[in-house]
Every structure is written in C-alpha cells, then in structure tokens.
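I opened my notebook to get to know a new structure, one look-up at a time.

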Amino acid sequence: MKWMARDVWRLKEFPAPSINVYIAGDVLIDAGRRWDRRRIFAELEGREISMLALTHAHPDHQGVAKDVCEARGIPLACHADDVEAMEGRRPMQEAAPGNPYNRAIRRIWQGPPHKVERALSDGDEVAGFRVVHAPGHARGEVVFFRDSDRVAICGDVIRNMSYATALPGIKEPPEIFTYDPSENRRSIHKLADLNPSLILPGHGPAVTDMAAFERFVAALPG
Ligand SMILES: [Zn+2]
C-alpha cells in the first residue's frame, strides 16, 4: 500500500489508482467493488483493522463490505442517510437506475447488503477525522476531514480521473451516478471551504495542487 499522509495509506491498484480504498489509522475507508475482494484481502493481511467506514454506499465503494466485516468481525459504519441503501432497504443507485451502465454496475460490482452498526452524522469522529456530510452524489456521502493537517478523504464529491481516458483531472462526478448534481456542487464548495491541504478522492490519484482545485471550484457553474 502507498503512504498518503500521516497514518493514511491507499491500497495498491494496478496500473493506476482508479477505485480507491484507504486505511486511516486502523479504519478501512471504503471497500471497492465485489471483484476487488482479492486485492483488498491481500493488502489487509497481517494488519489490525477495527472498523470499515464508507464514504457512501455505492457499488464501487461497498462491494466487499459484508465480506471484510464478517471475515474480520468488525463493525460497518456509514452516514445515517445511506444506512437503508447499505442494508438493502432502498436502491443504492438513485440516479438513472435504468441506465445500462448502472444496470451493469449493479449486476457485477455491487456487494450484498450488510448491517450498519454505526450510523455516522456530521461532526462524528472516525480515526482522527471529522465526518462532514456532503450529499448530492449519494444521500449519505461524507468527507472525512482531519483538522490538524487539513487532509480530506472526499469520496466522490470530486474525482481526479477521466472515466473516458483514465488520465488524472479534477472533475465533478458523472451525472448518471449523481442523484442531485447541484446539491453535490454545494458539497464541493463545502469541501473547498474546509481549505484542504490534500484531497484523497474515491477515484484517481491524490489532489496535491490546491491552486488547480481552487480554479476548478471557481469555474463551476453557479
Ligand atoms: Zn465511486
């Protein structure tokens, strides 16, 4: 795994970071797609993990959640507004569920439902990070933000990757995966207002050029 910041690592992925899974202290942050099971289990080998916390309950972030929680006997945490989605009581994809990409993602990436033992809310603490509710892409989307060094693990509030070319680039999440793009834009401003020094997104490499991030935010449509 790759060191990102104090007590924060990203699980390795070949050839480039595209479906990101982080470890903060002894908390696993996100759980990839169902088919990331082997990669995640191999990287966790010999490592103490006390909890799995999701940035949001979407199929590319909760795929291995049930497996890893059961294998390690650890609790699952996500924001209160995504508990129903994670537990299978409402559809996980609220944006364009009939879209063929979304149908395929649901079939091949989405992991089984699993009980959420810790429902997170704004201001809670996870591994030294503060929970900041940032809905729009998912109802229960959160940013994990560490005030001491302003590191932000931001889920899919932004991405640093083009899905067309796989090259890095700061972008909004695609609309077909985002139930309320204008709400997500407000969450991007919320992220910017935290004045992060490093952004660790759900997709693509770390955002280290904060001037580029500020330009991206300034250019967002009203
Ligand atoms: Zn995602």
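How much space lies in the largest cavity? I looked it up and found about 40 Å³. My model is a predicted one, where local features need pLDDT of at least 70, side-chain atom pairs count only at pLDDT 80 or more, and totals for chains, interfaces and linings use all residues. I number residues from 1 along each chain as its sequence is written, and side-chain values use heavy atoms, with hydrogens and water left out.

I noted that the structure holds one cavity of 30 Å³ or more. For my own use I wrote down the terms: on a 1 Å grid over the protein atoms alone, a cavity is a set of points where a 1.4 Å probe fits but cannot get out, while a pocket is an open set with protein on both sides within 12 Å along at least five of seven lines; lining residues have an atom within 4 Å of a point. Grid points are joined across faces, edges and corners, and a volume is the space filled by probe spheres set on the points.

Among the residues lining the largest cavity I found Asp82, Arg90, Glu94, His137 and Tyr179. The lining of this cavity divides into four nonpolar, two polar and four charged residues. Here Ala, Val, Leu, Ile, Met, Phe, Trp, Tyr, Cys and Pro count as nonpolar, Asp, Glu, Lys and Arg as charged, and the others, Gly among them, as polar.

Next I turned to the largest pocket, with a volume of about 460 Å³. It is lined by 23 residues, and the closest to its centre are Asp60, Ile105, Trp109, Tyr163 and Phe177. I sorted the pocket lining into 14 nonpolar, six polar and three charged residues.

**Entry: the zinc ion**

Which residues coordinate the zinc ion? I listed Asp60 (OD), His61 (NE2), Asp156 (OD) and His203 (NE2), at 2.0 to 2.2 Å. Donors are N, O and S atoms within 2.8 Å of the metal (3.2 Å for Na, K and Ca); water is not among the atoms, so sites may look incomplete.

Along the chain, the donors follow the spacing D-H-x94-D-x46-H. His61 sits in the loop between strand S5 (51–53) and helix H2 (65–72), and His203 in the loop between strand S14 (198–201) and helix H6 (210–218), so the pair ties together parts that are 142 residues apart in sequence. Helices (H or I, at least four residues) and strands (E, at least two) are DSSP runs, numbered from the N terminus. Both histidines, His61 and His203, are buried, where buried means under 20% relative accessible area, exposed over 50%, and partly exposed in between (1.4 Å probe, protein chains only).

Why is the arrangement around the zinc ion irregular? The four donor atoms subtend angles of 82 to 163°.

**Entry: an open sheet**

I traced five strands in an open sheet, in the order S8-S9-S10-S11-S14, with mixed pairing. S8 (125–126) and S14 stand at the edges with a single partner strand each, so one side of each is left without a neighbour in the sheet. Two strands pair if DSSP finds at least two bridges between them.

S9 (residues 129–133) and S10 (residues 142–146) run antiparallel, joined by four bridges. Val132 stands opposite Val143 in S10. S11 (residues 151–155) and S14 run parallel, also joined by four bridges, and Ala152 has Ile199 in S14 as its bridge partner.

Which way do the residues of S14 point? Leu198 and Leu200 point one way, Ile199 and Pro201 the other, and all are buried.

**Entry: loops**

Met161 lies in the loop between strand S12 (159–160) and strand S13 (170–171), and its 10% relative accessibility makes it count as buried. Met161 and Pro201 are 40 residues apart in sequence and 9.4 Å apart in space, C-alpha to C-alpha.

Ala166 is in the loop between S12 and S13 too. Its phi is near 65°, a positive value in a residue other than glycine, and at 48% relative accessibility Ala166 counts as partly exposed.

Methods:
Tetrahedral: all angles 85-135°; square planar, octahedral: opposite > 155°, others 65-115°.
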